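Hi everyone, thanks for coming. I'd like to walk you through one structure today, so please have a look at it while I talk.

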Amino acid sequence: MRPEGRGNPYSLFIIIGCMIVFFIVMGLGSRRHKKQWDAEEQLQTIALDIDQKPQADSKEDILEILNDMIDKHAEDFYMDVNVNISKEDIEEVAHELDPFLGRLSMYSYATSSVQEGDGEAIPDAYAGVNFTFERSIESFVYDDLRKDIPIPEDNAEALKVKQECELFLKENISIGMTDFEKELAIHDYIINNCYYSTSFADDMSEYNSYGCLVNRKCVCEGYARTSALLMKLSGVECKLISGKGKGELAYDGAEQGHMWNQVKINGVWYHYDATWDDPRGSDQILAHLYMNVSDQIMSLDHEWEQDKYEQCISMTENYYMKNGMYFDDDTSFQQYVKDQLSAGERQVIKCCISNLDLSEETMYFIFDYDGISSYQISTMGLPDYQYLEIHIN
């Protein structure tokens with residue numbers, strides 16, 4: 001017989017064991033609940049991110065969002081665009097991006113609708129638009145040298161362009177130089193160290209600063225992009241202009257797509273075209289004909305959508321005007337030539353002219369000076385605005 005008042009000695013162990021099992025189960029449940037909570041929190045975060053996608057209700061919104069994302073070095077990005085904004089409008093906005101930064105190489109446009117039950121599907125008010133942005137070599141180099149954003153180590157071309165830019169700046173740009181002096185140094189450096197290439201091989205470097213500064217050959221886009229990069233690095237405002245060139249300086253003399261620059265010198269905008277100042281052909285005339293000209297002069301042999309770019313109405317910083325070498329009347333031109341001859345010039349006289357009389361009868365005064373047996377006149381440009389050289393023999 002078991003003594004009264006004493007329980008089974010094993011019952012305590014059973015109770016303790018049950019409690020251990022209970023707490024283990026509760027612990028596992030808690031961990032499961034924590035994982036569930038974490039998953040739900042993650043889903044909520046993703047949903048929040050989706051809800052916070054950039055949303056554009058106007059073309060201005062699209063441009064602002066694009067510029068913001070590009071400034072953050074995004075390559076692929078997404079936004080919701082109001083369906084009232086057409087695909088054509090989006091393409092138009094994409095073309096308004098600063099081409100110096102790069103280009104939108106592609107984008108997709110997708111619409112959706114919501115349907116409840118058997119009711120009619122209601123189109124969503126926004127379309128999803130995906131953009132892919134290709135950053136330019138020039139943008140990578142500028143951001144590295146001026147914003148301390150390193151060029152990716154695998155971008156070998158941009159790294160080489162950076163080295164060339166650093167060398168140029170060290171040897172050619174100094175404190176105290178004016179905008180015009182910086183511009184002139186850039187203009188002449190590019191022309192003296194690069195030649196116009198029309199190989200049309202699959203060499204895309206001809207269209208950027210790598211072709212100009214490293215390979216030393218490029219087409220007009222390479223000249224313009226390199227000019228813009230060196231100008232910006234030197235503290236001179238500069239933009240890329242896309243349009244058409246025509247006339248005797250256009251390739252093969254035919255109208256063609258062309259790129260050049262607008263530069264801001266002493267607070268005023270001018271056109272600048274290093275490509276058409278680079279000597280080509282047998283004459284090899286190095287000129288500054290397109291260094292700081294007005295819309296009026298530039299439109300003689302260039303076409304562009306003028307309302308999309310800066311207005312250029314001045315010739316004050318024009319290379320020849322600034323150096324007293326631009327003439328639009330016969331009297332002042334002839335006096336300039338006489339002054340040069342009186343000073344002993346017997347090799348070449350250079351200037352820029354507009355619609356002047358260059359007939360042998362008018363220019364015969366040259367033989368009034370000692371030691372001159374003949375002369376030869378070379379011109380480049382259009383009668384309304386042309387570079388002139390008088391070679392003395």
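Let me start with a definition: a disulfide here is a pair of cysteine sulfur atoms within 2.5 Å. What we have on screen is a predicted model, and by that cut-off the structure holds zero disulfides. Take C220: the nearest cysteine sulfur belongs to C218 and is 8.7 Å away. C220 counts as buried, because its relative accessibility is 12%. Then there is C352. Its sulfur lies 7.4 Å from the closest cysteine sulfur, in C351, so the two are too far apart for a bond. C352 is buried as well, with a relative accessible area of 0%.

On to the nonpolar cores. The largest one has 80 residues, and F333 and I390 have the most contacts inside it. Helix α8, residues 220–233, gives this core its largest share, eight residues. Apart from that core lies another, of 18 residues, including A56, M69, A94 and F133. Back to I390 for a moment: leaving aside residues up to four places away in sequence, its contacts include F333, V337, M363 and Y375.

Which strands pair with β2? Strand β1, residues 55–56, pairs with β2 in the parallel sense over two bridges, with Q55 partnering D80. Between β1 and β2 the chain passes through helix α2, residues 59–71, in a right-handed β-α-β crossover. Strand β6, residues 126–135, pairs with β2 in the antiparallel sense over seven bridges, and there F77 has F131 as its bridge partner. Five of the seven residues of β2 are buried, so this strand is largely enclosed by the rest of the structure.

Methods. Residues are numbered from 1 along each chain as its sequence is written. This is a predicted model: local features need pLDDT of at least 70, side-chain atom pairs count only at pLDDT 80 or more; totals for chains, interfaces and linings use all residues. Side-chain values use heavy atoms; hydrogens and water are left out. A nonpolar core is a set of buried Ala, Val, Leu, Ile, Met, Phe, Trp, Tyr and Cys residues joined through side-chain atoms within 4.5 Å. Buried means under 20% relative accessible area, exposed over 50%, partly exposed in between (1.4 Å probe, protein chains only). Helices (H or I, at least four residues) and strands (E, at least two) are DSSP runs, numbered from the N terminus. Contact means heavy atoms within 4.5 Å. Two strands pair if DSSP finds at least two bridges between them. A crossover is right-handed if, with the strands pointing away from the viewer, the path from the first strand over the helix to the second runs clockwise.
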